[in-house]
Amino acid sequence: MITIKNLHASIDGKEILKGLNLEVKPGEVHAIMGPNGAGKSTLASVLAGREEYEITEGTVDFDGKDLLDLKTEDRAREGLFLAFQYPIEIPGVSNINFLRAALNEIREYRGEEPISAKDFLILVREKSAIVELDPKLASRSVNEGFSGGEKKRNEIFQMAMLNPKLAILDETDSGLDIDALRIVANGVNKLKSKDNATIVITHYQRLLDYIIPDFVHVLYDGKIVKTGTKELALDLEERGYDWIKEEMSL
Amino acid sequence: MSYTENDLAEDLQNQEYKYGFVTNLDSETVPKGLSEDTIRLISAKKEEPEWLLDYRLKAYEIWLQMTEPTWAHVHYEKPDFQDIIYYSAVKQKKYESWDDVEPEMKETMKKLGISMDEQKVLTGTNVAVDFVMDSVSVATSFKEKLSELGIIFCSFSEAVKTHPELIKKYMGTVVPTSDNFYAALNSAVFTDGSFCYIPKGVRCPMELSTYFRINEKGTGQFERTLVVADKGSYVSYLEGCTAPMRDENQLHAAVVELIALDDAEIKYSTVQNWYPGDKNGLGGIFNFVTKRGVCEKNAKISWTQVETGSAVTWKYPSCILKGDNSVGEFYSVAVTNHFQQADTGTKMIHLGKNTKSTIISKGVSGGKSNNSYRGLVQIHKNATNARNFSQCDSLLMSDECGAHTFPYIECKNSSSKIEHEATTSKIGEDQIFYCQQRGISSEKAISLIVNGYCKEVLNQLPMEFAVEAQKLLAISLEGSVG
Amino acid sequence: MSEIINAPVFKKVELILKNEFEGVLSEELKTKSSSILDGIQMPTTRTEAWKYTRLGKINNKKFTVRKGDVSDISSFIITKDVYTLVFVNGFLNSTLSSGTLPEGIICQSINEANSDSTFTKYIGQNLRLEEEVFNSLNTLNSADGVFIHIGSKVILDKPLQILHILSETNTISNLRNLIVCEKNSEAKIIQGYFSENATDSFTNVVTEVFVEENAHLTIDKIQYENDSCYHVATEQVQQEKNSTFTINTVTLNGAIVRNNLNIEVVGQNCLTNLNGTYLLKGNQHVDNHTIVDHKAPNCESHELYKGVVNDQSTAVFNGKVFVRKDAQKINAFQSNANVLLSDESTVNSKPELEIYADDVKCSHGSTTGQLDEEAVFYLRARGLSEKSARKLMIGAFVNDVLKKIENEEVKTFIFEILHQRFDWELSN
């Protein structure tokens with residue numbers, strides 16, 4: 001699905017990612033954990049194509065395509081989805097028109113016909129149920145006036161609508177209470193299939209009780225320094241990151 | 001589900017100014033240039049009564065004394081008033097019925113999306129239209145149906161003949177001849193326009209609309225619109241404008257007067273899409289328009305405008321809130337791109353007690369354009385408890401454009417309250433990125449965001465116009481980001 | 001008083017009747033001003049910059065340039081124990097001045113500065129003579145003023161207090177000041193404008209200010225000439241990179257007061273603060289015109305002007321923010337708020353933004369209205385009389401601006417005047 005090799009990225013001349021390697025195969029769920037400033041959100045931003053970041057070295061292969069060579073929207077159209085840590089508000093633009101524009105552009109890219117209004121509405125109804133999103137929110141402006149939890153659920157709703165190959169959830173759990181967390185996680189689980197994959201970036205092990213990862217990676221100082229299974233997450237929760245730092249310095 | 005931004009975007013694939021065609025019709029024009037003789041000739045061609053000719057000649061005299069205004073934040077080469085054709089009319093037999101209209105003309109209307117076919121009312125378009133091409137009104141639909149309610153809706157020239165008492169009573173009462181240079185010019189040479197009268201207590205059941213079109217080369221368009229809403233009546237009036245693509249600058253200098261008597265309400269919406277010139281700034285319409293309304297007791301006038309066209313725009317639809325408790329509103333979206341220049345805004349003159357005004361202005365500037373908001377809120381001494389709220393936002397799309405705000409606030413009453421807010425900012429890069437991450441191209445993302453930004457104003461437009469306006473915004477913004 | 005000789009005769013702007021003093025600025029500047037004055041008329045309300053201020057009252061009078069004397073300046077001392085220079089009718093009075101300045105600072109009469117290379121380099125450099133008749137009038141006739149030069153890295157330990165007193169009838173003062181703050185220097189200047197036994201007199205002051213790289217300058221200015229005096233002040237300021245310039249203008253009296261603040265920000269990373277308050281009664285007319293011209297990127301400017309307008313008085317505010325092409329990342333904020341206390345009073349407010357760069361955040365707001373009646377009611381419900389409730393509210397309204405003044409003594413001085421003049425009780 002995605003193969004990241006020796007990825008180096010910097011912003012304003014400061015190197016954040018320092019040779020990151022990661023391979024994700026279809027059907028897998030990978031969790032990336034790490035202390036603040038390790039480069040977790042940078043990784044998400046770089047993969048989605050934020051222009052502020054400069055890629056100084058490395059390659060990213062996404063289903064046979066050179067991801068770094070694609071424009072942001074083409075990455076999305078190829079099936080890469082980022083659930084934003086801080087979803088932005090777009091005043092005056094209704095959620096539903098926004099999604100229809102997105103869906104049809106993606107379909108057009110794939111050489112498919114635009115979706116009919118009727119099918120689109122059916123899809124909206126079906127997918128909003130997955131994250132228990134109030135259908136009323138669909139007609140409101142994108143993220144405007146949404147609570148923190150609603151914004152995050154809206155991200156997963158969009159993910160359901162766009163049906164990506166690879167979803168990257170950037171701290172989707174932060175700020176959520178346990179009910180909202182459960183809803184979001186259930187949503188993600190329902191969308192899981194043998195053909196798609198998920199990268200969960202998180203601070204807290206808690207989320208991984210709901211979204212069971214196949215692999216847990218520790219990102220530290222711009223590199224993945226340790227890889228394990230879900231037990232590693234529990235270890236980290238209990239012992240913090242210091243022991244990793246120590247292990248590294250040995 | 002209604003027309004979405006997405007449908008819109010599809011409609012727009014690389015579309016440019018689509019109204020830039022020319023209709024080949026024989027037309028009758030008077031020779032270029034302006035003199036007393038030209039005015040006499042226009043008046044004679046229109047078979048006008050003596051009093052109207054006198055009105056014109058007096059206006060011409062006043063105009064000769066005046067100089068072109070220079071205070072607006074626009075730069076253009078002053079039109080050569082002797083190089084303009086002041087009268088151009090499609091050679092016509094009188095159109096007695098819709099069937100008399102030439103096929104070319106019908107084709108033109110079709111291209112412009114104007115429906116004159118009264119049958120169409122059944123399929124949903126419920127708009128009565130007056131179509132003005134170059135100097136004269138070509139056709140007006142639904143006349144009979146309206147006249148059953150006592151509503152008069154016809155071309156200005158026709159009204160001069162059929163309802164001279166109303167024209168005499170109201171023409172020039174809101175915009176006096178001497179008001180400004182272009183109003184004086186218009187008063188001297190105006191050729192046609194629309195007239196509308198809504199009788200006491202009548203709620204006009206359909207939107208009334210005038211569609212203005214400049215076709216002939218070298219002509220100026222000088223139309224006059226007069227809307228009178230008698231006591232307790234209501235009307236919603238729409239105005240659309242287009243012109244062919246030509247590399248010359250053509251002048252459009254209109255006068256619009258609205259009169260809302262006690263308890264009446266007039267909603268006046270404009271989608272202005274005169275040819276803006278090409279992307280190098282060549283050609284386009286000079287749009288110098290005076291629009292003003294007067295509100296008597298408890299009356300309300302609401303101006304809504306979406307302005308995407310014209311090379312140079314200079315226009316301030318205003319409300320004189322004369323009667324107690326009267327209300328004035330101004331909702332505006334002005335988009336400029338390439339080398340366009342716009343200096344637009346409103347004047348709210350509070351004379352009566354408890355008068356209220358609201359100003360919402362959204363400017364979007366791209367390319368190398370300049371977009372200015374200029375507004376006046378004036379509270380007179382006796383306007384006890386007057387209220388004004390103004391919000392003027394500017395969105396910047398390129399680093400070579402300019403966005404300016406020039407509000408004038410004058411207050412002479414201590415019980416009144418005026419609030420003015422303005423912001424200027426760049427289009428949000430994070431918003432564009434968010435859209436792109438969902439697979440939407442940056443051009444389309446901008447169109448979405450700008451439409452959202454203007455929603456407060458677009459929502460004020462009647463449905464058919466709102467769709468039109470959305471399309472226009474997207475077309476106008478192509479290539480605006482620098 | 002010395003004897004008076006015939007004044008130069010102007011064709012169009014003929015304000016000065018008698019002038020025995022030769023203007024001290026360079027012949028070049030004077031010749032230029034003179035020819036401008038020959039060619040222009042007094043601005044009228046058709047001139048956009050003077051749209052709301054009629055100059056007829058000034059234009060109908062003839063003024064005399066004359067030295068004067070003031071016996072006791074104790075009531076004009078804003079703050080004690082600082083360096084003080086006293087000007088009477090625009091001429092330095094050394095006997096009334098006090099304090100010895102530390103090393104690295106020049107503070108002298110412009111009469112003595114003509115051989116100073118810094119003075120000759122900067123004087124008249126940025127001042128727009130053509131656009132403003134009063135600038136030309138000042139440049140041609142100015143016979144005295146102060147030249148302040150804060151040397152590189154010098155931090156002024158105590159504020160510099162410059163007091164200007166008008167005396168006698170129909171006097172004109174063409175005070176001309178130049179302030180140069182060199183690299184990394186810091187200074188605070190307090191200016192006070194007063195009158196004693198002066199009727200129908202006119203202060204026409206021009207101050208040119210250069211705030212060099214990383215220099216920090218604060219000016220607190222009190223305008224308190226009597227209600228028959230006219231005052232036109234122009235501050236022409238240039239800010240270089242990393243500099244801070246703050247000016248707090250407090251207008252407490254005067255028949256016609258016009259303040260032109262022109263700030264050109266030419267270096268990056270500058271901070272500009274303009275605060276002002278005007279408290280009018282009687283027939284006063286106060287007009288604040290400010291321009292902040294952002295010519296360089298990454299700068300910030302904040303402007304707050306608040307006024308209370310009573311009786312038949314008129315307040316005018318015209319604030320303009322320019323953001324020039326390529327001056328990206330500018331944050332500019334401007335706010336003007338007015339309270340009208342009488343139906344005879346007038347407020348004209350014109351906050352303007354003129355923006356030619358795209359990556360900016362600019363906003364302005366203007367409100368005009370009356371005191372919040374709900375709040376007045378609330379205070380009365382807590383036992384305050386209506387009068388004291390209103391006074392309290394006005395105090396709070398004005399204090400938003402006054403609290404920007406850091407010098408406590410300056411604030412106390414202002415509070416004292418407000419108490420005398422309006423019976424308001426303000427405190428820190």
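Author: Let's start with the term itself: a salt bridge is a side-chain nitrogen of Lys or Arg within 4 Å of a carboxyl oxygen of Asp or Glu. Keep in mind that this is a predicted model.

Reader: Okay, which side chains meet in a salt bridge at 4.0 Å, N to O?

Author: Those of Asp326(C) and Lys325(C). Asp326(C) counts as partly exposed, at 47% relative accessibility, and Lys325(C) does too, at 43%. Elsewhere, shared partners tie Glu48(C), Lys320(C), Lys350(C), Glu352(C) and Glu354(C) into one network of salt bridges.

Reader: How many salt bridges does a search of the whole structure find?

Author: Over all chains, 55. Take Lys444(B) and Glu105(A), whose closest N and O atoms are 2.7 Å apart. Lys444(B) sits in helix α10 of chain B and Glu105(A) in helix α3 of chain A, so this pair joins two chains.

Reader: Are Lys444(B) and Glu105(A) buried or exposed?

Author: Buried, both of them. Here the cut-off matters: buried means under 20% relative accessible area. In α10(B), 10 of the 12 residues are buried, so the helix is largely enclosed by the rest of the structure.

Reader: And what span should helix α10 of chain B have?

Author: In general, an α-helix has 3.6 residues a turn, so residues three or four places apart point the same way. For α10 of chain B, at 1.5 Å a residue, the 12 residues should span 16 Å, and the end C-alpha atoms are 16 Å apart, which agrees.

Reader: Which lysines gather in a patch of positive charge on the surface?

Author: Lys169(B), Lys200(B), Lys231(B) and Lys297(B). Lys200(B) lies in the loop between β6 and β7 of chain B and is exposed, with a relative accessible area of 57%.

Technical notes
Residues numbered from 1 in each chain as written. Chains lettered and ligands numbered in written order. Predicted model: local features only at pLDDT ≥ 70, side-chain atom pairs only at ≥ 80, totals over all residues. Heavy atoms only, no water. Patch = residues over 30% accessible without salt bridge, like charges linked within 9 Å, V, L, I, M, F, W, Y side chains within 5 Å. Areas by Shrake-Rupley, 256 points an atom, 1.4 Å probe, with all protein chains shown as cover. Lys, Arg positive; Asp, Glu negative; His and termini not counted. Charge placed at Lys NZ, Arg CZ, Asp CG, Glu CD. Helix = DSSP H or I, 4+ residues; strand = E, 2+ residues; numbered from the N terminus. Buried < 20%, exposed > 50% of the residue type's maximum accessible area, 1.4 Å probe, protein only. Expected span 1.5 Å × (residues − 1).
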